[in-house]
Amino acid sequence: MAIINRIGDLAPDMAAWRQHLHTIPELSFDCPKTSAFIKERLEEMGVDEIHGSIAQTGIVAIIRGVGEGPTIGLRADFDALPIEEETGVEYASTHPGQMHACGHDGHTAMLLGAGKYLAETRNFSGSVALIFQPAEEDGGGGEVMVQEGIMDRFNIGEVYAIHNAPGKDFGRFHTRAGPIMAAADTFHIHVTGKGGHGARPYDCVDPVVAACGIVTALQTIVSRNHNTRDSLVISTTQIHTGTTDNVIPETAYINGTIRTFDKDVQSMVVRRMEEVVAGQAVAYGCDAKLDIEFGYPPTVNDAAKVDFAAEVAADVAGEAGVDANIDPVMGAEDFSYMLEKRPGAYLMLGQGDGAGVHHPKYNFNDEIAPIGASFFARLVETAQPLR
């Protein structure tokens with residue numbers, strides 16, 4: 001493992017920063033303590049510019065290298081999740097019902113470590129933009145930062161991000177060209193029948209039976225309407241109806257998620273869901289209304305930038321420490337909005353065994369922070385070498 005020596009020296013600092021952030025998890029855009037801590041560290045390390053209050057609590061910090069040149073963007077998310085922590089660590093969350101269960105505290109520490117090294121050495125041309133983003137888990141902070149103009153305002157030409165990967169080999173990078181994470185859309189179906197006594201269903205229009213028919217029929221979209229070469233998930237995750245055993249309810253509610261990588265597949269799913277819901281409603285004599293919330297788009301890596309990032313990752317982790325042709329992941333990520341505006345790459349960094357992300361026992365492995373920070377630093381120095 002070719003960790004940069006100076007970044008290796010910063011490992012205790014990154015661990016301390018990360019563990020402090022772990023004690024103060026904050027949700028969505030409302031991250032004032034986290035943002036203030038990041039700003040303090042950036043001021044201490046002497047970056048050239050600090051721009052706050054982007055997407056409410058987001059920050060972009062600029063470090064200028066030697067001479068003219070482009071600007072490369074490096075992004076870390078920093079929001080937490082509404083989960084009660086069960087790690088038992090001494091630096092556990094002090095905010096009840098909130099915890100860093102996805103490693104965003106570690107992502108932030110890695111980017112701060114890379115920033116400190118880059119601010120000290122300036123061994124690159126042009127500039128680097130350190131992007132600290134809120135609301136990845138809920139709210140689409142990446143989209144808001146793009147809408148507020150960070151790409152044009154800071155003249156960012158390409159952009160990169162790392163996410164930790166529990167269960168993957170320690171220190172190994174994983175990525176792929178093209179779609180790496182899915183679009184995430186949410187569906188809501190409201191079924192209305194005619195309620196009444198459970199002993200007299202003939203006097204009722206039963207929304208429960210209709211809801212079951214709709215859920216079953218939706219599965220045929222995956223099995224019968226799409227090309228098996230195109231990844232697609234439709235999962236019904238909630239059905240709510242009724243209050244007791246002898247009453248047929250008036251309404252039923254169905255909720256779930258749609259995961260796609262391709263806009264044509266997404267459009268087909270929407271069309272077929274509308275047809276299925278309308279057809280099943282007629283079949284059961286109910287009314288049914290479908291609403292679809294379009295969420296994060298697919299995260300699509302630029303092929304050339306993936307090749308470049310994989311070469312840099314191999315310099316840090318060795319050739320065997322990089323897999324640049326992983327299968328796409330059906331989870332979603334709002335870094336997708338930044339990749340829609342600028343070419344770049346999203347990578348995952350294995351952190352070894354342990355609880356998975358979004359689990360109350362999950363904890364970021366501080367030992368991968370120097371690896372991720374070294375990758376970020378080498379990425380900048382290689383992309384924008386001194387002339």
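The exercises below work through a predicted model of one protein, each with a solution in steps.

Residues are numbered from 1 along each chain as its sequence is written. Because the model is predicted, local features need pLDDT of at least 70 and side-chain atom pairs count only at pLDDT 80 or more, while totals for chains, interfaces and linings use all residues; side-chain values use heavy atoms, with hydrogens and water left out.

**Exercise 1.** Work out what span helix H2 should have, and compare the distance between its end C-alpha atoms.

*Solution.* Helices here are DSSP runs of H or I with at least four residues, and strands are runs of E with at least two, both numbered from the N terminus. Begin with the length: H2 covers residues 11–23, which is 13 residues. The expected span is 1.5 Å times one less than the number of residues, so H2 should span 18 Å. The end C-alpha atoms of H2 are 19 Å apart, which agrees.

**Exercise 2.** Find which residues of H2 are buried, and which helices they pack against.

*Solution.* Buried means under 20% relative accessible area, exposed means over 50%, and partly exposed lies in between, with a 1.4 Å probe and protein chains only. By this rule Met14, Ala15, Trp17, Arg18, Leu21, His22 and Thr23 are buried in H2. Next, look for contacts, meaning heavy atoms within 4.5 Å: the buried residues of H2 pack against helix H1 (5–9), helix H3 (32–45), helix H4 (104–121) and helix H11 (369–383).

**Exercise 3.** Decide whether Ser53 and His358 are buried, partly exposed or exposed, and state where each lies.

*Solution.* Take Ser53, which has its place in strand S1 (residues 49–54). Its relative accessible area is 61%, so Ser53 is exposed. His358, in turn, lies in the loop between S16 and H11, and at 41% relative accessibility it counts as partly exposed. As for the backbone, phi is near 60° in Ser53, a positive value in a residue other than glycine, and phi of His358 is near 70°, also positive in a residue other than glycine.
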